[in-house]
Amino acid sequence: MFINIRVTIILMVKIINVGLIGLGTIGSGVVEILKNNSHSIEKRTKINLKGVCDLNEQLAKRLNLDEKIFTKDYKDLINNKDIEVIIELIGGYEPAHTIIIEAIRAKKHIITANKAVLAKYGYEIFEEAQKNNVNILFEAAVGGCIPIIKTIEETYSSDNIEKIYGILNGTTNYILTRMSEGMSYEDALKKAQELGFAEADPGFDVEGKDASQKLSILASLAFDAKIEQEILTEGITKITKKDIEYAKEMGYVIKLLAIGKKQNGIIELRTHPTMIPQNHIFASINDEVNAILFSGKNIGEIFLSGKGAGKLPTASVIVTDIIGAGSRTGITERHFEKAEIVDMGKIKSRYYLRFSAVDKPSVLAQISKILGDNSISIAAALQKEVNKDVVPIVIITHEVLEENLAKAVKECNNLDVIKEEIVIIRIEDLR
Ligand code: HSE
């Protein structure tokens with residue numbers, strides 16, 4: 001006699017109740033993904049959007065959100081006992097910082113894409129989270145949809161990371177790409193704003209601050225370091241189409257690079273436009289795509305790349321973090337040691353210098369005298385023949401001390417024959 005036994009396996013899917021604060025580009029992307037991808041998400045976690053907050057109720061109407069879950073007061077979400085996770089997507093320092101701290105104290109896990117708040121208040125936020133036994137998930141804060149936070153914190157946590165090079169800002173990479181094709185800086189920036197890549201204040205993008213905030217987060221995690229000093233930050237506002245052209249003639253591409261190094265316990269951090277060899281993998285990273293190359297003692301080099309800005313790539317990673325918040329057991333503990341940051345004057349680099357000089361005898365001699373007096377050796381020089389009174393002179397230096405270069409540039413800027421501020425681009429001969 002046979003007994004037919006059927007075993008039904010019931011998969012227990014975790015239900016997670018979330019509150020979303022901020023319905024801008026990324027916030028509305030999260031709502032869209034929760035609606036459109038519900039089938040594939042529900043195989044993992046059932047996400048209930050229990051509350052949504054924004055000061056503009058039109059945004060909620062446009063997304064057809066149930067009026068009952070909408071509020072203009074973030075405290076409604078923090079006081080809602082059912083909500084386990086708060087997603088902060090308003091960006092900027094305040095009130096984002098206050099909201100995050102209040103939500104942590106109300107024992108909510110936090111998901112955020114806010115690099116500004118993490119770069120400035122990250123250590124306080126992590127400490128508060130640890131005290132209250134909640135998690136902070138922020139994969140979307142650096143590199144858009146590139147899984148760089150998990151990669152550094154989880155996959156390679158056993159190794160000592162020594163170097164990080166990153167194209168960490170989608171807007172500026174988009175602008176530099178378009179400018180290399182002939183578009184003006186202004187038109188390219190406008191397009192990047194229309195495409196939803198830029199910050200509410202695009203000054204954060206073009207002046208390099210956004211990339212430096214991301215570098216500060218990455219360096220803290222990779223080097224286990226408390227980074228409280230200002231990072232040397234230069235943006236792309238002084239780069240012209242001519243610089244991109246001259247760089248190309250000399251075999252280089254200009255990218256806004258964020259660079260972090262740790263050598264003998266000392267950390268070097270900087271963000272600036274950088275000339276990199278045309279055959280380096282970074283040279284082919286275009287549009288809003290970001291890329292990160294880092295190396296560790298045991299792992300060697302790791303390269304990651306993907307869309308670094310934009311509504312759906314970023315929102316997608318936030319939804320993954322919600323699923324993660326539902327399945328995570330335990331709290332991530334983070335320890336940061338006081339870091340010694342190298343004095344920027346002491347770093348060494350090769351430089352591209354573009355002078356706008358009056359076209360008359362002895363100009364080149366005056367410039368090269370100042371460079372020589374400051375121990376700066378010239379590797380190449382190029383004067384472009386243009387039918388104008390003011391002509392571009394491009395000089396590439398050998399490796400020199402930053403402080404010597406700064407002094408020489410200041411002296412050259414004071415020469416009567418120099419008519420515009422000298423453009424400086426550092427060169428990294430990456431292989
Ligand atoms: N404004 C940012 C960028 C958005 O352009 O990279 C993603 O952090």
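Predicted model: local features only at pLDDT ≥ 70, side-chain atom pairs only at ≥ 80, totals over all residues.
Residues are numbered from 1 along each chain as its sequence is written, and side-chain values use heavy atoms, with hydrogens and water left out.

Now for the pocket itself. A pocket is an open set of points on a 1 Å grid over the protein atoms alone, with protein on both sides within 12 Å along at least five of seven lines; lining residues have an atom within 4 Å of a point. Of the 44 residues in the lining, Leu89, Ile90, Gly91, Glu199 and Ala200 are the closest to the pocket's centre. Elements giving two or more residues to this lining are α1 (25–36), α6 (115–131), α10 (203–206) and α11. Helices (H or I, at least four residues) and strands (E, at least two) are DSSP runs, numbered from the N terminus.

The ligand takes up the space of this largest pocket, which calls for more than half of its atoms to lie within 2 Å of the grid points. Around the ligand are Lys115, Asn169, Gly170, Thr171, Phe197, Ala198, Glu199, Asp205, Asp210, Lys214, Gly308 and Ala309, each with a heavy atom within 4 Å of it. By class, that shell holds three nonpolar, four polar and five charged residues.

The table gives polar contacts, meaning pairs of N or O atoms within 3.5 Å.

| Protein atom | Ligand atom | Distance |
|---|---|---|
| Asn169, polar side-chain atom | oxygen | 3.5 Å |
| Phe197, polar backbone atom | nitrogen | 2.7 Å |
| Glu199, polar side-chain atom | nitrogen | 2.6 Å |

On its own, the ligand has 260 Å² of accessible area, and the protein covers 92% of that (Shrake-Rupley method, 1.4 Å probe). Both α8 (170–180) and α11 (209–223) give two or more residues to the shell.

Glu94 and Pro95 are joined by a cis peptide bond, with omega about 5 degrees; Pro95 is in the loop between β4 (85–88) and α5 (96–105). Lys107, not a glycine, has a positive phi near 65 degrees and sits in the loop between α5 and β5 (109–112). Asp224 also has a positive phi, about 50 degrees, in the loop between α11 and β8 (225–226).

Note on methods:
Polar contact = N/O pair within 3.5 Å; in protein donor to acceptor, adjacent residues only side chain to side chain. 1 Å grid on protein atoms, 1.4 Å probe; cavity = no way out; pocket = protein on both sides within 12 Å on 5 of 7 lines; lining within 4 Å. Nonpolar A, V, L, I, M, F, W, Y, C, P; charged D, E, K, R; others polar.
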